[in-house]
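This report describes how the parts of one protein chain pack together. Please look at the sequence and the model before reading on.

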Amino acid sequence: MKVYLSGQILSGEEFHYSQQWREWAEEICSKWGFTPVNPIADRLSNDSAYRSLIPDRDLMLLRDCDIMVVNWIDKRHSVGTAMEMVYAKLYDIPCIVFADAAADVPDLDANTWIQHHNSCNFVRQFTLENFEDVLDWFSHTTTTVNTTPTKNGHPKGPSAW
């Protein structure tokens, strides 16, 4: 199963954080037998010559995935992340929203738009344990691979999350 790693791409000196959590998530996905899809692994997002190609490339990557994990970083607004969440909903790909910090969780839990696009019943902090809980649940509930852009067959996550 493929896991799309979505979240704001920070610029300048903060870009390393955008990479850091994805690299960590890639390791965890691989450990659990999932194939991580990191849209910034090729560093095109940092190259202005390729900016116009990024949305189509990211949507192509997303469409081929079975689940999308969102790391909602530090209450910052990310148009790209929000758009990816909408497309995941349209493609019927489960979207699991995590918050970067525990302090952000209540705000995201109360956000109607986040909840509409979040396949979990609530947002959790982005930690090793919480991320592994999601992968564990998906590894036991489905083996379906996303073969069409509109139907994926994944059930909504358990309320125990």
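The buried residues of helix α2 are covered by elements that include β1 (2-7), β3 (67-72) and α3 (79-90). Helix α2 spans residues 54-63, and its buried residues are I54, R57, D58, L59 and L62. Here, buried means under 20% relative accessible area, exposed means over 50%, and partly exposed lies in between (1.4 Å probe, protein chains only). Helices (H or I, at least four residues) and strands (E, at least two) are DSSP runs, numbered from the N terminus.

The model is a predicted one, in which local features need pLDDT of at least 70 and side-chain atom pairs count only at pLDDT 80 or more, while totals for chains, interfaces and linings use all residues. Residues are numbered from 1 along each chain as its sequence is written, and side-chain values use heavy atoms, with hydrogens and water left out.

**Overall arrangement**

The chain contains 6 helices and 5 strands. Along the sequence they follow the pattern β-α-β-α-β-α-β-α-α-β-α. Of the 161 residues, 45% count as buried. A contact means heavy atoms within 4.5 Å.

**Two helix pairs**

Two packed helices are described by the angle between their axes and the distance between the axes. Axes are lines fitted to C-alpha atoms, for helices over the stretch in contact, and angles run from 0 to 180 degrees between N-to-C directions.

| Helix pair | Axes come within | Crossing angle |
|---|---|---|
| α2 and α3 | 10 Å | roughly 40° |
| α1 (residues 15-31) and α6 (residues 128-141) | 11 Å | roughly 40° |

Angles under 35 degrees count as roughly parallel, over 145 as roughly antiparallel, 65 to 115 as roughly perpendicular and the rest as oblique. Helix α2 is therefore oblique to α3, and α1 and α6 are likewise oblique to each other. A crossing is left-handed if the near helix is turned anticlockwise from the far one by less than a right angle, and right-handed if clockwise. The crossing of α2 and α3 is right-handed. This contact is formed by D58, L59 and L62 of α2 with E84, Y87 and A88 of α3. By class, it has 4 nonpolar, no polar and 2 charged residues. In this scheme Ala, Val, Leu, Ile, Met, Phe, Trp, Tyr, Cys and Pro count as nonpolar, Asp, Glu, Lys and Arg as charged, and the others, Gly among them, as polar.

The crossing of α1 and α6 is right-handed. Its contact is made by W24, A25, I28, C29 and K31 of α1 and by L128, F131, E132 and L135 of α6. These residues divide into 7 nonpolar, no polar and 2 charged.

**Nonpolar cores**

A nonpolar core is a set of buried Ala, Val, Leu, Ile, Met, Phe, Trp, Tyr and Cys residues joined through side-chain atoms within 4.5 Å. The largest has 20 residues, and V3 and F131 have the most contacts inside it. At least two residues of this core come from each of β1, α1, β3, β4 (95-99) and α6. Helix α6 gives the most, with 5 residues. Leaving aside residues up to four places away in sequence, V3 touches C29, F34, T35, P36, V37, C65, I67, V69 and L135. A second, separate core of 19 residues includes C65, A88, V97 and A99.

**The surroundings of M85**

M85 lies in helix α3 and is buried, with a relative accessible area of 4%. Apart from residues up to four places away in sequence, M85 touches M68, V70, W72, C95, V97, I114 and H117. The C-alpha atoms of M85 and H117 are separated by 6.3 Å, although these residues are 32 residues apart along the chain.
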